[in-house]
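Dear colleague,

I am passing a structure on to you together with some notes on what was found in it. Please look at the sequence and the model first, and then read on.

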Amino acid sequence: MNKNIQQYRQWIEQMLNEGKTVQVPVYGMSMFPILMPRDSVQIKRVTFDQMIPGQVLVFERDGQWIAHRLIKKRLPNRTSHNTW
């Protein structure tokens, strides 16, 4: 990732950590036809409880931000063998 993109991502992370909503451009076709390249989305941090099926969520995987629609929420199975 080049230095300008790293600085941009750090600035966005800082804004999100401060509880602000940030508008960012969309790249790629994974959400076609709902989102097209160069559309923009507003993102903000939410808790698991605030996530609602049908919402488009943005998450980070392998250093990339990915947007996908939330279909359903499922809590992990908690057994006596797990420590939470």
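This is a predicted model: local features need pLDDT of at least 70, side-chain atom pairs count only at pLDDT 80 or more; totals for chains, interfaces and linings use all residues.

Residues are numbered from 1 along each chain as its sequence is written, and side-chain values use heavy atoms, with hydrogens and water left out.

Arg-38 lies in the loop between E1 and E2 (helices, H or I with at least four residues, and strands, E with at least two, are DSSP runs numbered from the N terminus), and its phi is near 80 degrees, a positive value in a residue other than glycine. Most residues other than glycine have a negative phi, and most peptide bonds are trans. The loop between E1 and E2 also holds Pro-33, and the peptide bond leading from Phe-32 to Pro-33 is cis, with omega near 0 degrees.

E1 has a covered face formed by Val-22 and Val-24, and an uncovered one formed by Gln-23 and Pro-25.

E3 (residues 56-61) and E4 (residues 64-69) pair in the antiparallel sense over six bridges, and Phe-59 stands opposite Ile-66 in E4. These two strands form a hairpin with two residues between them, where Asp-62 in the turn has a positive phi of about 55 degrees. Asp-62 counts as exposed, at 79% relative accessibility.

Turning to the helix, H1 has 15 residues and reaches 21 Å from its first C-alpha to its last, close to the 21 Å expected at 1.5 Å a residue (the expected span being 1.5 Å times one less than the number of residues). Its buried residues are Arg-9, Ile-12, Met-15 and Leu-16. They cover an arc of only 120 degrees around the axis, so they lie on the same side of H1 (the arc is that of the directions from the helix axis to the C-beta atoms). On the other side of H1, Lys-3, Gln-10 and Asn-17 are exposed.

Arg-9 is buried at 14% relative accessibility, and its side chain is joined to that of Glu-60 by a polar contact of 3.3 Å (a pair of N or O atoms within 3.5 Å, where within protein one must be able to donate a hydrogen and the other to accept it, and residues adjacent in sequence count only if both atoms are side-chain atoms). H1 is followed by Gly-19, whose phi is positive, near 85 degrees.

Finally, the largest nonpolar core has eleven residues, among them Ile-12, Val-24, Val-41 and Ala-67 (such a core is a set of buried Ala, Val, Leu, Ile, Met, Phe, Trp, Tyr and Cys residues joined through side-chain atoms within 4.5 Å). H1 (3-17), E1 (22-25) and E2 (40-43) each supply at least two residues of this core, and H1 gives the most, with three.

With best wishes

Notes: Buried means under 20% relative accessible area, exposed over 50%, partly exposed in between (1.4 Å probe, protein chains only). Two strands pair if DSSP finds at least two bridges between them.
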